[in-house]
Amino acid sequence: MGHSQCVQNFGFGLIKRILYTRNDIHSYESVEMNLRSVGVGLGFLVAASVAQAAYTININQSGANVVITGSGSVDTSSMTALTTIGLCAIGDGLISSSALCIGTETTADQFDNVLTPSLSGLSTSTVAGASSSGPGVYIVGADLYLPENYVSASPISNSTTFTGTTLAALGLTVGTRSLFVPSGDEIIINIGLAPVAPPTPASIPTLSDYGLLGMTSIMAMLGIAAVRLKRS
C-alpha cells in the first residue's frame, strides 16, 4: 500500500472513530471539540490527494541515432529565476558529463543551485544535437534553465536527436537518475529503458467534494449529539 493510500485510510479512519465510537458528547462544547477533530481527519484526506509532478527525460537508441525526449512539468513556485540568458548556446541541445540540454535553443530563465543532487558523470562525451523540437530545457550541475516566463507546473514536451551514434559511444550507462527541485518535484532521467511517461498526479477532489464530506460528517455528529443530549 502506498504512502498516499495509508494517509488517506488514516483520515477516513479518524473520522469514522469520531462519529461512531465517541461516548463523551454531552454538551455543545464537546460537539465543537469533535468537529475540530473531524477537521484534522479532513486535513489528512487533503494531504493524501496531492501528488508531486515530474518532468521525465527518456534517452534511448532509435535505429542509428540516440533520441532524448522530455515531457511533464516542474513546480517552480518555490524558486526564483536569477537571470534570463540564451539557452545552452547550442541550437539543438547537447549532452556532456554534467549537462543535458533538450529542445530548441530559446531564451531561458536560470534557476541557480536548485537541483539535488547536482548532475554529474552523465556522459563521457560532449556532443551537440543534430535536430530538435519543443522549448529548451537545460540542466547543468545544480542549475536548471526553463523557457523564459515559464508558468509553474505547465506542461513541457521536447526532444533532441543525436545522429549516427549510440548510447555506448556517448558513454551513457543504462539506468535511472532522479533530481529534485525545492518544491519536491522530480526530474527523472531514464537511460536505455523503455520510454517511461511522467507519473500522473493523483486527482484532487474539488472544493465541493470536500464540502460535501465535511457537511455529511458535521450533520452526522450533530444528530448523534442531539440524541445523546436528549437521553441524558
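A search of the whole structure finds 1 aromatic pair. The rings of Tyr-138 and Tyr-145 have centres 5.1 Å apart and planes at 35 degrees, so the pair is tilted. Rings of Phe, Tyr and Trp (its six-membered ring) pair if their centres lie within 6.5 Å; planes under 30 degrees apart count as stacked, over 60 as edge-to-face and the rest as tilted. Tyr-138 is buried at 13% relative accessibility, and Tyr-145 is buried at 8%. Buried means under 20% relative accessible area, exposed over 50% and partly exposed in between, with a 1.4 Å probe and protein chains only.

This is a predicted model, in which local features need pLDDT of at least 70 and side-chain atom pairs count only at pLDDT 80 or more, while totals for chains, interfaces and linings use all residues. Residues are numbered from 1 along each chain as its sequence is written, and side-chain values use heavy atoms, with hydrogens and water left out.

Gly-141 sits in the loop between β9 (137-140) and β10 (143-147). Strands (E, at least two residues) and helices (H or I, at least four) are DSSP runs numbered from the N terminus. Gly-141 has a relative accessible area of 16%, so this residue is buried. Leaving aside residues up to four places away in sequence, Gly-141 touches Ser-98, Leu-115, Ser-118 and Leu-119, where contact means heavy atoms within 4.5 Å. From Gly-141 to Ser-120 the C-alpha to C-alpha distance is 6.4 Å, with the two 21 residues apart in sequence.

The other loop residue is Ser-96, between β4 (94-95) and β5 (99-102). Ser-96 is buried, because its relative accessible area is 9%. With residues up to four places away in sequence not counted, Ser-96 touches Leu-122, Ser-123, Ser-125 and Thr-126.
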